[in-house]
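Hi,

Here is the structure I promised to pass on.

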Amino acid sequence: MQGDVRGDMFYIKHNNDSFTVIDCNLADGREEEILKTITQEANGKAIKRFISTHPDRDHILGLEKLVKVLDLPTTNFYAVRNEIPAEKDNPSLDMYLSLMNADTSASIKAGLDRDFLNQDKLGKGIGSSGIKFYWPDLDNPEFIKALDTVKNGGKANNISPIILYYTEKAKILWMGDMEEGMQKEFYKHHKGEIGKVNILFAPHHGRESGQVPTDFLAELNPDIVVIGNAPAENLETSYKHYGNERTITQNSANDILFDCHDSQIDVYTGKDCDNLPKALKKNPSITGVCYRGSINI
Ligand SMILES: [Fe+2]
């Protein structure tokens, strides 16, 4: 989700008793609407979790309000542990720090296993939410350098994790704002581990600095690449890199909803857009003004 306000925010309404929010961007003008949507969609779910890709403003803005709405326990707060310095008059970062530094919060790392996240907890009837982390490797020297950069007040993009959401058939991938060099580092050590995905959220909102390296992109071979909100001039090169036949931009589509089924993913967008990925085919049995088509998986 996220329309013409720049930043990232996603939610996953799982097909069980879990609800996940990835990043938070309650920017001016949409705060109330987004919180209302989250409240409605998360209503009645036993497990509500928040996954933070990194503590940049456009990924944690309004976290203190979201946490209230979700009634989020620290055990369900996921972040890559880091030592970002606090800032004056930044309640969202204050909230991020207090949750991350709580003993019970979840520290993201490659291969993290947890009840309800990706493990069944027998007897509770909730089961796995299909979320897997492929990165970071906490002892990787490049990642350690990125942590140092954050600690010293530098940018946080390169501490972003790699997050996969999978159902029986669908695979959806996020990399936060991870830049190209760190993606190369991941790929050097984990080539072939992720395989094909259906939907890729282009890292760093689709900016050139976050372009997925060609060999890694060939492995992922996404049916759809979502390019987030960014100034159009920043997107030109990326649009070509990912191929406009499989790209959908949030500048034109606004909010996007992916409805994952056993054999297809149905795609809905907030605004009509003429340049849709080729893989989208209209299913005549689905109606609705926001429906743009489905991909077979
Ligand atoms: Fe960002």
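In which sense do strand 10 and strand 11 pair, and over how many bridges? Strand 10 (residues 199–201) and strand 11 are parallel, with three bridges between them. Before I go on, two notes on the basis: this is a predicted model, where local features need pLDDT of at least 70, side-chain atom pairs count only at pLDDT 80 or more, and totals for chains, interfaces and linings use all residues. Residues are numbered from 1 along each chain as its sequence is written.

Helices (H or I, at least four residues) and strands (E, at least two) are DSSP runs numbered from the N terminus, and two strands pair if DSSP finds at least two bridges between them.

Back to strand 11. Phe201 has Val226 as its bridge partner there. From strand 10 the chain goes through helix 7 (residues 214–220) to reach strand 11, a right-handed β-α-β crossover (with the strands pointing away from the viewer, the path from the first strand over the helix to the second runs clockwise). On the other pairing, strand 11 runs parallel to strand 12 (residues 247–249), joined by three bridges, and Ile227 sits opposite Thr249. Strand 11, helix 8 (residues 232–242) and strand 12 also make a right-handed β-α-β unit.

In a regular strand the side chains alternate between the two faces of the sheet. In strand 11 (residues 224–227), Ile224 and Val226 point one way, Val225 and Ile227 the other, and all are buried (20 or more other C-beta atoms within 10 Å of a residue's own; 12 or fewer is exposed, in between is partly exposed, and C-beta atoms are placed from the backbone).

Val226 turns up again in the largest nonpolar core: of its 69 residues, Cys24 and Val226 touch the most other members. Helix 4 (residues 91–100) contributes the most to this core, five residues. Such a core is a set of buried Ala, Val, Leu, Ile, Met, Phe, Trp, Tyr and Cys residues joined through C-beta atoms within 7 Å. Beyond its neighbours within four places in sequence, Val226 is in contact (C-beta atoms, placed from the backbone, within 7 Å) with Ile199, Phe201, Ala202, Ile248, Gln250 and Ile256.

There is also an open antiparallel sheet of three strands, in the order 13-14-15. Strand 13 (256–260) and strand 15 (291–296) are at the edges with a single partner strand each, so one side of each has no neighbour in the sheet. Strand 13 and strand 14 (residues 264–269) share five bridges and are joined by a hairpin through three residues. Leu257 has Tyr268 as its bridge partner, and Asp259 stands opposite Asp266. Strand 14 and strand 15 also pair over five bridges, with Val267 opposite Gly293.

Most residues other than glycine have a negative phi, and most peptide bonds are trans. The bond from Trp135 to Pro136 is cis, with omega near 15°; Pro136 is in the loop between strand 7 (131–135) and helix 5 (141–151). Asp71, not a glycine, has a positive phi of about 55°, and His204 has one near 50°. Are these two buried or exposed? Asp71 counts as exposed because it has 8 C-beta neighbours inside 10 Å, whereas His204 is buried, with 23 other C-beta atoms within 10 Å. His204 lies in the loop between strand 10 and helix 7.

Cheers

Methods. Contact = placed C-beta atoms within 7 Å.
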